[in-house]
Amino acid sequence: MPGLVSVKTPPASTPLRIFPPENSQCEGSRNESPRVQRRMASPSPSPSPSTSTSRVRPSPDRGSGKKKSTPEKTVIDESSLDNPDLGPFLLKMARDTIASGDSPSKALDFAIRAARSFERCAASEPSLDLVMCLHVVAAIHCSLGRFEEAVPFLERAIRVPDLEKGPDHSLAMFSGYMQLGDTHSMLGQLDKSISAYESGLKIQAETLGESDPRVAETCRYLAEVHVQALQFDEAENLCTKTLEIHGEHSEPASLEEAADRRLMALIYEAKGDYEAALEHLVLASMVMIANGQDNEVAAIDVSIGDIYLSLCRFDEAVFSYQKALTVFKSTKGDNHPSAASVFIRLADLYYKTGKLRESKSYCENALRIYAKPLPGSTPEEIANGLTEISAIYEAVNEPEEALKLLQKAMKSLEDIPAHRSTITGIEAQMGVMLYMVGRYGEARASFESVVAKLRASGERKTAFFGIVLNQMGLACLQLYKIDEAAELFEEARGILEQEYGPYHLDTLGVYSNLAATYDAMGRVEDAIEILEYILKVREEKLGTANPEVDDEKRRLAELLKQAGRVRNRKGKSLENLLGSNSNPQGMKKEGTKRWSGFGFKT
């Protein structure tokens, strides 16, 4: 009978958030970059360098997440809306209300009335005043946490401009697409977000020219989003274009070039080309040194340390981390989250070199900082740090402590759209931890919550979604829910075939799980068909002398032997199906046959 395997969780599997700017600008310059998270709750093998230093984020009260009651609508005299002076006056009132810090609901009422006036006065003609007003309405909805309600206003704003009426209309449409992309991203709808950004980039390039510096900023912005979506080839192409444009228009050793190279290093690191990543980081560091950006040099040193760690050049990694730590402590203070992030990396390094006492000491140093965070520390920083420390405790076989840290990370985040992707990732990792400690019912509930969130956000066709389905199927098997497990494995198979292809190791892992489940259900012929395919692929990819191929041959031979008497034997019991595999720590049990690979791969 085939063994059950858990496919390896991909790095940073849940997409990160892009935070929309408070004001949309028709010029479309996107100078600020989203930070790419080093490790999502689904385990990630290596840290990722930060791509830039600034990105406007909504203030905490702007994303409170709690739906505020819709204000009572003021009764509008329809005849007054025909006054061409009313729209500009109401729009100014809305802006003044926002600037004064008064009720956003009041500002929203002014803006909606202004939009109605502009629409009446435009008489079906394209009106940029109406577009601008709709952008303001959408921005106020976002500030109130009503991102879903902002989307229709932005979609309407995109339909108003006429591209044939000149660049002003084109750039207004571009601005609308970018704001729409930001809003979809806040809702966790990364596919829709990328589609909106790509439409905006196309319009901007056609209007300003392919080599305009503002096009370069948009290319880099979109490249960062592709990185979040794990679409590294697309990100590399856009980043290469950005470097070319900045090389043409910017001075040598410009800050723009440094930002581009840091992003390119991130892409190469994710693709496993560490030498190329290191080259870009060294060049970026030289630029920052020339411009006197000490904190940025330290941040790049951390990224360089990450690359050295990936290359097993441990002494050089320690030197880079310690150099960055000294700068962070002197400029930001001993208890700043930046120092904690370096402590975590040092803890990871010493774990990998077998120095567990030093590793635990650095973890405790980081935890002390997160226990009493400095004012201004964001919940995301704390949650990400706790998640990374949890991964180290998991690696040293302390799953209970790792689970406690993930629970603390969850509590540090509010359930608002801006945090939902992070929460989803943490919940997925909690499911892994719960499975490892044998709490299968809770693990299944955790995975079920993740699946529901991903379905609701439109991310049901991503590789991460397929992997979560596979893990949920494994939990269902431990609870003797074989039919449900089979359905989950079948859905996971379809997604991973689409995203990774049929020859990817993760896809083959799901095939193996499905074959084992079919065997337990008495569908022996289906199980044999899948195992024959797995064996064929492994022979082609690994060669016939590989131990994994021998293992697959043994499993298939046993199943074929049993198939000859399948009608005369009792269905295989689930206890025999699971056997010692119900122990995710890999400990053998007497009296049961152990099928390799049921636990989570490391």
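I started with R444 and looked up its contacts (heavy atoms within 4.5 Å). Leaving out residues up to four places away in sequence, R444 touches M472, A475, C476, L479, K481 and E484. R444 is in helix α18, residues 440–456; helices here are DSSP runs of H or I, at least four residues, numbered from the N terminus. R444 is buried at 16% relative accessible area. Buried is under 20%, exposed over 50%, partly exposed in between, with a 1.4 Å probe and protein chains only.

I note that this is a predicted model, where local features need pLDDT of at least 70, side-chain atom pairs count only at pLDDT 80 or more, and totals for chains, interfaces and linings use all residues. Residues are numbered from 1 along each chain as its sequence is written, and side-chain values use heavy atoms, without hydrogens and water.

Next, the aromatics. I paired rings of Phe, Tyr and Trp (its six-membered ring) with centres within 6.5 Å; planes under 30 degrees apart are stacked, over 60 edge-to-face, the rest tilted. That rule gives five aromatic pairs. Y435 and Y440 have ring centres 5.2 Å apart and planes at 65 degrees, so I logged them as edge-to-face. Both residues, Y435 and Y440, are buried.

Y511 and Y533 also pair edge-to-face, at 5.4 Å between centres and 80 degrees between planes. Y511 is in helix α21 (505–520) and Y533 in helix α22 (524–542), so this pair ties together parts 22 residues apart in sequence. Y511 is buried at 5%. Y533 is partly exposed at 28%.

I also found F343, Y350 and Y362 in one aromatic cluster.

Notes:
Helix = DSSP H or I, 4+ residues; strand = E, 2+ residues; numbered from the N terminus.
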